[in-house]
Amino acid sequence: MIEQKKIIEPEKVACEVCFKEIPLSEATSVKAIDYIVYYCGLDCYDKWRKQKAEPESSTGGIE
């Protein structure tokens with residue numbers, strides 16, 4: 001009798017920008033203040049970094 005090995009799916013995480021599910025071993029991670037965020041590649045990381053760098057212009061409707 002031949003013993004069959006179970007195929008184990010790799011742990012996956014979602015990209016912080018595009019939400020694409022990627023294997024944890026392939027993900028790029030960055031430590032944020034209280035958590036770790038994951039990216040599927042440098043393009044998504046650059047998009048996230050640029051979004052965080054843009055100043056938020058919220059005047060609350062009062063000028």
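This report describes the salt bridge, the cysteines and one backbone feature of a predicted model. Local features need pLDDT of at least 70 and side-chain atom pairs count only at pLDDT 80 or more, whereas totals for chains, interfaces and linings use all residues. Residues are numbered from 1 along each chain as its sequence is written, and side-chain values use heavy atoms, with hydrogens and water left out.

One salt bridge (a side-chain nitrogen of Lys or Arg within 4 Å of a carboxyl oxygen of Asp or Glu) is found in a search of the whole structure. Asp46 pairs with Arg49, and their closest N and O atoms are 4.0 Å apart. Both residues belong to helix H1 (residues 42-53), where they are three residues apart, about one turn of the helix. Helices (H or I, at least four residues) and strands (E, at least two) are DSSP runs, numbered from the N terminus.

The structure holds zero disulfides, a disulfide being a pair of cysteine sulfur atoms within 2.5 Å. The sulfur of Cys15 is too far from its closest cysteine sulfur for a bond, at 3.7 Å from that of Cys18. For Cys40 the closest cysteine sulfur is that of Cys44, at 3.6 Å, again too far for a bond.

Phe19, in the loop between strand E1 (12-14) and strand E2 (21-23), has a positive phi near 65° although this residue is not glycine.

The table gives accessibility classes: buried means under 20% relative accessible area, exposed over 50%, and partly exposed in between (1.4 Å probe, protein chains only).

| Residue | Relative accessible area | Class |
|---|---|---|
| Cys15 | 1% | buried |
| Asp46 | 29% | partly exposed |
| Cys40 | 30% | partly exposed |
| Arg49 | 43% | partly exposed |
| Phe19 | 61% | exposed |
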